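Have the sequence and the 3D view open, and we'll look at domains, a core and some charged pairs.

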Amino acid sequence: MSVFKDAGHLFRFAGLFVLAFLLFLVIRGFVVPKTFGQYGHYRGAAIGEVGAHPIKFAGHQTCEICHTDVLDVKKSGKHAHVNCEACHGALASHADDPASVTPVKPDTAVLCARCHTASAAKPKGFPQVVPADHSNGLPCQTCHNPHSPAMAAGGAK
Amino acid sequence: MNLSRRQMLILLPAAAVAWKSVLAGTPEDSPNYKMSEHWWGMLIDIPKCIGCGNCVRACQTENDVPDGNFRTWVERYHVTDGDMVSPQVISPDGGKEGFPVVQEDAGKYFFVPKLCNHCADSPCTQVCPVGATFVTPDGVVMVDPKYCLGCAYCVQACPYGCRYIHPEKKVADKCTLCYHRITKGLTTACCEACPTGARQLVDLKNPKDPIHEFLKTHSVQVLKPQMATGAKVYYNDLDGSVR
């Protein structure tokens, strides 16, 4: 016993360490989020939080539920694989509430030109025109149906 | 289109039900989505890109990206006379409103859409001191805005320049590969808005995904392969001058 005779201060010190460690564990339990470490060294719940962001583009599958007539026109034309919202813009709000959110038809002079204005930088096979020369200022939809842009046999309608 | 009142009454609830199922909650709540069954990436088909900027605008709309910052952007390369070392690259406002018209066809032009490469061995996640950025089990590099300190180590670490500090939130921000969409069966906003199919979301764990056939039959490259980042944005027909 004589070994521990003068060691009281060491035990008190060790006791303090143990207490501090327990305190650390308690604080850690409160401070570290429940899902930290669920999948790795990060907060697992963050994945769900990022995934909860609201959707703005409804997706063409949703549009096609109602607008089957447009789909019929589109699917045989050159724009078959151009999704609705590529031209009409983000319309999840319209899909959510079709009665009160009514989309505005895009201005073809701006919309069509965005893709089809001729530029040597664009891929060669892509149909391109110089808008001023091509239509003489007429809106594109005078001759083309934007949903199926090829002109009917025999020229402009 | 002209629908009768009867048709409208039938269609509206059907559309509402379909849309509600799309909106059904977070991935954990969504019983159909299992993270272990997916490994997301993207395919960029360079010869199809026309530089319209639809993807950039769609991304900014979908994800409330502040003006002047980009989660995706488009660069136009101009390589003259085989000068692979110093191509002229422009990206006016990220290519958001398209590119200036080129009259003369001198040299070679092409567009390169860029976004987070969702690297499997991502340098940006390795430098984060607080575990605020990570690769999810389904292969998406993500930022936890509640944990991020805004130290910007990751912004510097990304070899592709895909991160920025959000000017209002003061935390790192980046492409989430539209995680809120892909977990609900939709494609990303940029892919949805791309008119030519130059961008395609791919799921490398889905054996039916056309990407597997595409990778077999095309000359596909990732950006900066020498950095061994495990980048998952695959570029078809990528020119050697692209950095």
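Into which domains is chain A divided? Chain A splits into domain 1 (2-50), domain 2 (55-104) and domain 3 (105-149). Keep in mind that this is a predicted model. In it, the C-alpha centres of domain 1 of chain A and domain 3 of chain A lie 67 Å apart.

Now for the greasy part. In soluble globular proteins, nonpolar side chains tend to be buried together. Here the largest nonpolar core has 66 residues. Met42(B), Val112(B), Leu177(B), Tyr179(B) and Tyr235(B) have the most contacts inside that core. Strand S4 (residues 108-115) of chain B supplies the largest share of this core, five residues.

On to the charged side chains. Over all chains, the count comes to 13 salt bridges. Here are some of them:

| Pair | N to O distance |
|---|---|
| Glu49(A) and Lys146(B) | 3.5 Å |
| Lys96(B) and Asp67(B) | 3.2 Å |
| Lys216(B) and Glu213(B) | 3.8 Å |

Glu49(A) is partly exposed at 34% relative accessibility, and Lys146(B) is exposed at 62%.

The bridge between Lys96(B) and Asp67(B) stays within chain B. Lys96(B) is in the loop between strand S3 (88-90) and S4, and Asp67(B) is in the loop between helix H2 (54-63) and strand S2 (72-79), so the pair ties together parts that are 29 residues apart in sequence. Lys96(B) counts as buried, with 13% relative accessibility, whereas Asp67(B) is exposed at 65%.

Lys216(B) and Glu213(B) are three residues apart in helix H7 (residues 211-217) of chain B, so about one helical turn separates them. Lys216(B) is exposed, with a relative accessible area of 66%, and Glu213(B) is partly exposed at 46%.

One last thing to find: Arg43(A), Glu49(A), Asp144(B) and Lys146(B) are joined into one network by salt bridges that share partners.

Methods: Residues are numbered from 1 along each chain as its sequence is written. Chains are lettered from A and ligands numbered from 1 in the order in which they are written. This is a predicted model: local features need pLDDT of at least 70, side-chain atom pairs count only at pLDDT 80 or more; totals for chains, interfaces and linings use all residues. Side-chain values use heavy atoms; hydrogens and water are left out. Domain bounds come from an automatic or database domain assignment. A nonpolar core is a set of buried Ala, Val, Leu, Ile, Met, Phe, Trp, Tyr and Cys residues joined through side-chain atoms within 4.5 Å. Buried means under 20% relative accessible area, exposed over 50%, partly exposed in between (1.4 Å probe, protein chains only). Helices (H or I, at least four residues) and strands (E, at least two) are DSSP runs, numbered from the N terminus. A salt bridge is a side-chain nitrogen of Lys or Arg within 4 Å of a carboxyl oxygen of Asp or Glu.
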